[in-house]
Amino acid sequence: MTSPVLPTGTLARTPQPTLPTGDGLLLRPWRAEDAPAVHAAFQDPEIHRWHVRAADSEAEVGGWIEEWVRAWAEERAPQWAVADADTDGLLGRVALREIHLDDGTAEVAYWTTAEARGQGVAARATTTLARWALDDIGFHRLELLHAVRNEASCRVAAKAGFLLEGTKRSSALHRDGWHDMHLHARVQGD
């Protein structure tokens with residue numbers, strides 16, 4: 001039997017950190033007052049194209065934010081708001097999903113607002129989250145999945161240092177049917 005890579009409590013024993021990117025962005029815990037901005041982001045057709053979830057109301061998004069805040073303490077899917085460091089305006093989200101502390105693995109996910117696209121926000125936020133998770137916390141492997149047809153997401157993965165490992169055929173159900181997904185990963189030492 002091997003010892004767990006990360007013991008239970010690795011994340012929950014401290015408050016969720018705010019992580020500066022060093023170039024104008026902050027990854028910070030979600031707040032209830034972020035609900036209107038998240039709701040607005042989820043009205044964007046590009047969010048609908050690549051994400052299964054839809055936001056019908058600010059109240060519904062308020063429930064999501066409550067879940068996202070609890071997820072840190074439960075060590076299951078912590079999420080960060082990606083905000084402009086000067087204005088605190090919401091630019092997107094990054095998250096660790098599918099966490100397996102025993103194996104030291106997690107999946108990285110992200111989205112950006114329409115206004116933030118094309119500015120490197122997703123790549124900068126994902127790079128910061130990956131460095132923190134691998135170097136500071138001690139995760140061994142982070143995976144990143146995106147629809148093969150989502151070329152912008154593929155560029156984000158490459159810029160953030162996630163190597164393409166292959167394609168998972170018919171792996172994720174979106175509104176328009178099953179999608180093949182690219183699997184990218186970073187491991188400690190990359």
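This is a predicted model: local features need pLDDT of at least 70, side-chain atom pairs count only at pLDDT 80 or more; totals for chains, interfaces and linings use all residues.
**View 1. The largest nonpolar core.** A nonpolar core is a set of buried Ala, Val, Leu, Ile, Met, Phe, Trp, Tyr and Cys residues joined through side-chain atoms within 4.5 Å, where buried means under 20% relative accessible area, exposed means over 50%, and partly exposed lies in between (1.4 Å probe, protein chains only). The largest such core holds 33 residues, and those with the most contacts inside it are Trp80, Leu96, Leu129, Trp132, Phe139 and Leu142. At least two residues each are supplied by β2 (25-28), β3 (79-84), β4 (90-100), β5 (105-112), α4 (121-137), β6 (141-147) and α5 (151-159); helices (H or I, at least four residues) and strands (E, at least two) are DSSP runs numbered from the N terminus. The largest share, nine residues, comes from α4. Apart from this core lies another, of 14 residues, among them Ala35, Phe42, Trp64 and Ala81.

**View 2. The surroundings of Leu96.** Contact here means heavy atoms within 4.5 Å. Once its neighbours within four places in sequence are left aside, the residues in contact with Leu96 include Trp80, Leu129, Trp132, Phe139 and Leu142, and Arg76, Glu107 and Val108 are also among them.

**View 3. Asp44 in a loop.** Asp44 is placed in the loop between α1 (35-41) and α2 (45-50), and at 14% relative accessibility it counts as buried. Not counting residues up to four places away in sequence, Asp44 touches Ala114 and Arg117.

**View 4. Salt bridges.** Side chains of opposite charge can pair when their charged atoms come close. A salt bridge is a side-chain nitrogen of Lys or Arg within 4 Å of a carboxyl oxygen of Asp or Glu, and by this rule the count comes to 13. Arg28 forms a salt bridge with Asp34, with the closest N and O atoms 2.8 Å apart, and both of these residues are buried. In helix α2, Arg49 and Glu46 lie three residues apart, about one turn of the helix, and their side chains meet in a salt bridge (3.8 Å, N to O); Arg49 is partly exposed at 45%, and Glu46 is partly exposed at 34%. Glu74 and Arg76 form a further salt bridge, their closest N and O atoms being 2.3 Å apart. Salt bridges that share partners also join Arg28, Arg31, Glu33, Asp34 and Asp88 into one network.

View 5. The buried residues of α5 are Ser153, Val156 and Ala157. These residues lie on the same side of α5 because they cover an arc of only 100° around the axis, the arc being that of the directions from the helix axis to the C-beta atoms. Their cover includes β5, α4, β6 and β8 (177-187), whereas Glu151, Ala158 and Lys159 are exposed on the other side of α5.

Notes: Residues are numbered from 1 along each chain as its sequence is written. Side-chain values use heavy atoms; hydrogens and water are left out.
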